[in-house]
Amino acid sequence: MKKVTRDRLLVVLVAIATAVAGFNWQAYTAWPTQQVLDISNPYAACVDQAGDYYVVDQGLSRLLKISGEGELLYQLHSQTNEDKGFFRVTALSAQGGRLYLADTTQEGVHRLLALDSATGEVLGTVYESDEGQIEAVRA
(Lines give C-alpha, C1' and ligand atoms only; values in the text may rest on other atoms or scores of the structure.)
Protein backbone atom coordinates (compact mmCIF):
# COMPACT_ATOMS: atom_id res chain seq x y z
CA MET A 1 0.00 0.00 0.00
CA LYS A 2 1.38 3.38 -1.01
CA LYS A 3 1.77 6.01 1.70
CA VAL A 4 0.02 9.33 1.35
CA THR A 5 2.36 12.21 2.11
CA ARG A 6 1.41 14.90 4.58
CA ASP A 7 1.26 17.57 1.83
CA ARG A 8 -1.07 15.52 -0.36
CA LEU A 9 -3.34 14.68 2.53
CA LEU A 10 -3.39 18.35 3.50
CA VAL A 11 -4.69 19.31 0.02
CA VAL A 12 -7.59 16.84 0.38
CA LEU A 13 -8.38 17.89 3.95
CA VAL A 14 -8.34 21.57 3.02
CA ALA A 15 -10.72 20.79 0.15
CA ILE A 16 -13.19 19.11 2.48
CA ALA A 17 -12.85 21.78 5.18
CA THR A 18 -13.42 24.46 2.57
CA ALA A 19 -16.56 22.69 1.41
CA VAL A 20 -17.93 22.83 4.93
CA ALA A 21 -17.12 26.56 5.13
CA GLY A 22 -18.67 27.14 1.68
CA PHE A 23 -15.90 29.20 0.09
CA ASN A 24 -14.66 29.19 -3.49
CA TRP A 25 -10.98 28.36 -3.75
CA GLN A 26 -8.12 27.41 -6.01
CA ALA A 27 -6.09 24.41 -4.91
CA TYR A 28 -2.47 24.85 -5.83
CA THR A 29 -1.11 21.34 -5.77
CA ALA A 30 1.96 20.52 -3.72
CA TRP A 31 3.31 18.40 -6.57
CA PRO A 32 6.07 19.38 -9.03
CA THR A 33 3.66 20.36 -11.82
CA GLN A 34 2.23 23.25 -9.75
CA GLN A 35 -0.99 22.80 -11.71
CA VAL A 36 -3.88 24.99 -10.59
CA LEU A 37 -7.19 23.22 -10.10
CA ASP A 38 -10.26 25.43 -9.86
CA ILE A 39 -12.63 23.73 -7.45
CA SER A 40 -15.86 25.50 -6.56
CA ASN A 41 -17.38 23.34 -3.81
CA PRO A 42 -15.36 20.23 -2.89
CA TYR A 43 -17.77 17.90 -1.15
CA ALA A 44 -16.06 14.52 -0.78
CA ALA A 45 -12.70 12.94 -1.56
CA CYS A 46 -10.88 9.62 -1.43
CA VAL A 47 -7.57 8.09 -2.51
CA ASP A 48 -7.08 4.71 -4.21
CA GLN A 49 -4.35 2.09 -3.68
CA ALA A 50 -2.29 3.56 -6.54
CA GLY A 51 -2.21 6.96 -4.81
CA ASP A 52 -4.65 8.69 -7.19
CA TYR A 53 -7.17 11.12 -5.72
CA TYR A 54 -10.87 11.51 -6.48
CA VAL A 55 -12.62 14.77 -5.56
CA VAL A 56 -16.33 15.52 -5.90
CA ASP A 57 -16.82 19.18 -6.85
CA GLN A 58 -20.53 19.84 -6.32
CA GLY A 59 -20.18 23.51 -7.26
CA LEU A 60 -19.17 22.60 -10.83
CA SER A 61 -21.09 19.27 -10.84
CA ARG A 62 -18.10 17.07 -11.58
CA LEU A 63 -15.79 14.35 -10.36
CA LEU A 64 -12.01 14.84 -10.69
CA LYS A 65 -9.34 12.15 -10.80
CA ILE A 66 -5.91 13.53 -9.91
CA SER A 67 -2.69 11.48 -10.05
CA GLY A 68 -0.35 11.19 -7.08
CA GLU A 69 1.92 13.62 -8.97
CA GLY A 70 -0.84 16.22 -9.22
CA GLU A 71 -1.83 15.75 -12.88
CA LEU A 72 -5.54 15.97 -13.72
CA LEU A 73 -6.25 12.54 -15.24
CA TYR A 74 -9.92 13.08 -16.03
CA GLN A 75 -13.01 14.95 -15.03
CA LEU A 76 -16.55 13.66 -15.37
CA HIS A 77 -19.51 16.02 -15.37
CA SER A 78 -22.90 15.17 -13.90
CA GLN A 79 -25.53 13.91 -16.32
CA THR A 80 -29.27 14.47 -16.38
CA ASN A 81 -29.55 11.11 -18.17
CA GLU A 82 -28.91 8.73 -15.27
CA ASP A 83 -28.00 5.84 -17.60
CA LYS A 84 -24.88 7.73 -18.69
CA GLY A 85 -23.49 8.76 -15.28
CA PHE A 86 -24.07 10.38 -11.94
CA PHE A 87 -26.19 13.39 -10.98
CA ARG A 88 -25.40 14.44 -7.37
CA VAL A 89 -22.66 12.49 -5.57
CA THR A 90 -22.71 12.55 -1.75
CA ALA A 91 -19.94 10.03 -0.97
CA LEU A 92 -17.34 7.91 -2.77
CA SER A 93 -14.89 5.06 -2.23
CA ALA A 94 -12.17 3.51 -4.42
CA GLN A 95 -11.33 -0.19 -4.17
CA GLY A 96 -10.03 -2.88 -6.48
CA GLY A 97 -10.03 -0.82 -9.67
CA ARG A 98 -13.56 0.41 -9.08
CA LEU A 99 -14.94 3.69 -7.87
CA TYR A 100 -18.20 3.55 -5.94
CA LEU A 101 -20.41 6.66 -5.86
CA ALA A 102 -23.37 7.32 -3.58
CA ASP A 103 -25.58 9.31 -5.95
CA THR A 104 -29.01 10.93 -6.01
CA THR A 105 -30.89 11.23 -9.33
CA GLN A 106 -32.99 14.22 -10.40
CA GLU A 107 -36.07 12.24 -9.35
CA GLY A 108 -34.71 11.74 -5.82
CA VAL A 109 -33.73 8.09 -6.21
CA HIS A 110 -30.69 7.20 -4.11
CA ARG A 111 -28.27 4.69 -5.58
CA LEU A 112 -24.79 3.27 -5.44
CA LEU A 113 -22.95 3.34 -8.78
CA ALA A 114 -19.85 1.35 -9.75
CA LEU A 115 -17.38 2.96 -12.17
CA ASP A 116 -14.16 1.75 -13.74
CA SER A 117 -11.67 3.91 -11.85
CA ALA A 118 -9.19 3.95 -14.77
CA THR A 119 -11.66 5.35 -17.33
CA GLY A 120 -14.62 6.67 -15.34
CA GLU A 121 -16.99 4.47 -17.34
CA VAL A 122 -20.19 3.55 -15.47
CA LEU A 123 -20.24 -0.22 -14.95
CA GLY A 124 -23.67 -0.36 -13.35
CA THR A 125 -25.93 0.31 -10.39
CA VAL A 126 -25.08 -1.72 -7.28
CA TYR A 127 -28.01 -0.50 -5.15
CA GLU A 128 -31.05 1.72 -5.67
CA SER A 129 -33.78 3.02 -3.35
CA ASP A 130 -36.20 5.92 -3.13
CA GLU A 131 -36.47 5.57 0.67
CA GLY A 132 -33.52 7.53 2.01
CA GLN A 133 -30.10 8.85 1.20
CA ILE A 134 -26.99 6.67 1.23
CA GLU A 135 -24.93 8.33 3.96
CA ALA A 136 -21.61 6.51 3.48
CA VAL A 137 -20.00 4.10 1.07
CA ARG A 138 -18.48 1.01 2.63
CA ALA A 139 -16.87 -1.74 0.60
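These legends walk through several close-up views of one predicted model.

A few ground rules apply: residues are numbered from 1 along each chain as its sequence is written, and side-chain values use heavy atoms, with hydrogens and water left out. Because this is a predicted model, local features need pLDDT of at least 70 and side-chain atom pairs count only at pLDDT 80 or more, while totals for chains, interfaces and linings use all residues.

View 1. Helices (H or I, at least four residues) and strands (E, at least two) are DSSP runs, numbered from the N terminus. Follow the sequence and you get the pattern α-β-β-β-β-β-β-β-β-β-β. Of the 139 residues, 44% are buried; buried means under 20% relative accessible area, exposed over 50%, and partly exposed in between (1.4 Å probe, protein chains only).

**View 2. Four strands line up as an open sheet in the order 3-4-5-6.** The pairing here is antiparallel, and two strands count as paired if DSSP finds at least two bridges between them. Strand 3 and strand 6 are the edges, each pairing on one side only. On average, neighbouring strands of this sheet are turned by 15 degrees against each other, direction ignored. (Axes are lines fitted to C-alpha atoms, for helices over the stretch in contact, and angles run from 0 to 180 degrees between N-to-C directions.)

**View 3. Strand 4 has an antiparallel partner in strand 3 and another in strand 5.** Strand 3 (residues 42-47) and strand 4 (residues 53-57) share 5 bridges, with P42 opposite D57. The hairpin they form has 5 residues between the strands, and G51 in that hairpin takes a positive phi near 90 degrees. Strand 4 and strand 5 (residues 62-66) also pair over 5 bridges, and there V55 stands opposite L64.

**View 4. D57 is a buried residue in strand 4.** Its relative accessibility is 0%, so D57 counts as buried. Leaving out residues up to four places away in sequence, D57 touches D38, I39, S40, N41, P42 and R62, where contact means heavy atoms within 4.5 Å. A polar atom of the D57 side chain lies 3.2 Å from the backbone nitrogen of S40. (A polar contact is a pair of N or O atoms within 3.5 Å; within protein, one must be able to donate a hydrogen and the other to accept it, and residues adjacent in sequence count only if both atoms are side-chain atoms.)

**View 5. The largest nonpolar core has 15 residues.** Such a core is a set of buried Ala, Val, Leu, Ile, Met, Phe, Trp, Tyr and Cys residues joined through side-chain atoms within 4.5 Å. Y54, L63, F86, L92, L99 and L101 touch the most other members. Strands 3, 4, 6, 7, 8 (98-104) and 9 (110-116) each supply at least two residues of this core, and strand 7 gives the largest share, 3 residues. A second, separate core of 6 residues includes I39, Y53, V55 and I66.

**View 6. F86 sits in the loop between strand 6 (72-77) and strand 7 (88-95).** With a relative accessible area of 5%, F86 is buried. Beyond its neighbours within four places in sequence, F86 has contacts including L63, L76, L101 and L113. F86 and L112 are 26 residues apart in sequence and 9.7 Å apart in space, C-alpha to C-alpha.
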